[in-house]
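Dear colleague,

I am passing a structure on to you, with the sequence and the coordinates shown together.

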Amino acid sequence: MRLVTFTAGGRTGVGSRRDGAVYDTGYADLHDLIRDGAAGLERAAAAADAGAPVDATTLLAPLRPGKILCSGVNYASHADENPDAVMPTEPFFFSKLPSAVIGPGQPIRIPRETTLTDYEVELAMVIGTRAYRVAEEEALEHVFGWTILHDVSARDVQFKDGQITLGKNPDTFAPLGPEVVTRDELGDPSTLRVSTMLNGTVMQDASTSEMLFSPARLLAFLTDLITLEPGDVVTTGSPAGVGCFRDPPVYLRPGDTVTVSVDRIGELTNPVEAGW
Ligand code: MG
């Protein structure tokens, strides 16, 4: 099943998307559907079966996550582009803030003219059930579904004095969506292509099989320390091709259009605007 959050006629709702059409599930917030478990999914399936799509919809971010934990340096190809990269022996995480989340089509706003704004495509998990100290073998049972998180960075801020929280969290720097694809619908997450197109040019293109730590391993590692709750989002890192390690570097500029995509999930496109 593929779930979206839409607005139509001034109302916000959760939709079940089938063959491009959006069917109103009756939920106003994806968190509520997730908490309802199997009953929530049944209601969403029934909405699509009933066959009365919502028209003139605009898609929003599928949810505002409770917390967002992002894996860094999780593709081996990172070593090819960054000579200083040290391959980690265990997962590395930082957080993005819910206030940075925007939906498909909404502008990424560069806060200052001097900001070195960079793209990173990431496969992201939406947590379905509370997870604490979960075994790697059972970790994915806590995943409700999969989506795309665009981990936009202000490299000048991030790399100055190691300000990763500030560098990763200017408003609008976490486009999310467009759909959450349920775990059963997506299937095996280890063979997906992830890519970024900047103004039509491919900048990142890799397979999730190149991850250093699998999604299950990431969850087992994280939940040793932190309880994950329904509606939290955990990302899985980004492959080589980001702008800051290119020669010459490439940064997002006002007027750009950037699309991040993941097989079997879709494409998330956002324009870039000046915020100064
Ligand atoms: Mg990242």
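Serine 238 has its place in the loop between strand 16 (233–235) and strand 17. Please bear in mind throughout that this is a predicted model. With a relative accessible area of 10%, serine 238 is buried, because buried means under 20%. Its side chain has two polar partners to point out. At 2.8 Å, the side chain of serine 238 reaches the backbone oxygen of valine 121. The side chain of serine 238 also makes a polar contact, at 3.0 Å, with the side chain of glutamine 204. When neighbours within four places in sequence are left aside, the residues in contact with serine 238 are Tyr75, Glu120, Val121, Glu122 and Gln204.

**The magnesium site**

Which residues are the protein donors of the magnesium ion? They are Glu120 (OE), Glu122 (OE) and Asp151 (OD), which lie 1.9 to 2.1 Å from the ion. Along the sequence, these donor residues follow the spacing E-x1-E-x28-D. Glutamate 122 belongs to strand 10 (residues 121–127), while aspartate 151 sits in the loop between strand 11 (143–150) and strand 12 (153–154), so the pair ties together parts that are 29 residues apart in sequence. Glutamate 122 counts as buried at 0% relative accessibility, and aspartate 151 is buried with a relative accessible area of 0%.

**The nonpolar cores**

The largest nonpolar core has 31 residues, and those with the most contacts inside it are Leu219, Leu228, Val234, Val262 and Ile265. At least two residues of this core come from each of strand 10, strand 11, helix 7 (215–222) and strand 17 (257–262). Helix 7 gives the largest share, five residues.

**Aromatic rings**

How many aromatic pairs are there? The count comes to two. Phenylalanine 92 and phenylalanine 94 form a tilted pair, 6.5 Å centre to centre with 50 degrees between the planes. Phenylalanine 92 counts as partly exposed at 39% relative accessibility, whereas phenylalanine 94 counts as buried at 9%. Phenylalanine 93 and phenylalanine 221 form a stacked pair, 6.3 Å centre to centre with 20 degrees between the planes. This pair links distant parts of the chain, with phenylalanine 93 in strand 6 (residues 92–96) and phenylalanine 221 in helix 7, 128 residues apart. Both phenylalanine 93 and phenylalanine 221 are buried. Elsewhere, the charged end of arginine 43 sits over the ring of tyrosine 27, 4.1 Å from its centre.

**Valine 22**

Valine 22 is found in strand 3 (residues 21–24). Is valine 22 buried or exposed? At 4% relative accessibility, valine 22 counts as buried. Not counting residues up to four places away in sequence, valine 22 touches Val4, Phe6, Gly15, Ser16, Arg17, Pro53, Val54 and Thr57. Valine 22 and valine 242 are 220 residues apart along the chain, and their C-alpha atoms are separated by 33 Å.

With kind regards

Methods: Residues numbered from 1 in each chain as written. Predicted model: local features only at pLDDT ≥ 70, side-chain atom pairs only at ≥ 80, totals over all residues. Heavy atoms only, no water. Donors = N, O, S within 2.8 Å, 3.2 Å for Na, K, Ca; no water. Helix = DSSP H or I, 4+ residues; strand = E, 2+ residues; numbered from the N terminus. Buried < 20%, exposed > 50% of the residue type's maximum accessible area, 1.4 Å probe, protein only. Core = buried A, V, L, I, M, F, W, Y, C linked by side-chain atoms within 4.5 Å. Contact = heavy atoms within 4.5 Å. Phe/Tyr/Trp six-rings, centres within 6.5 Å; stacked < 30°, edge-to-face > 60°. Lys NZ or Arg CZ within 6 Å of the ring centre and 35° of its normal. Polar contact = N/O pair within 3.5 Å; in protein donor to acceptor, adjacent residues only side chain to side chain.
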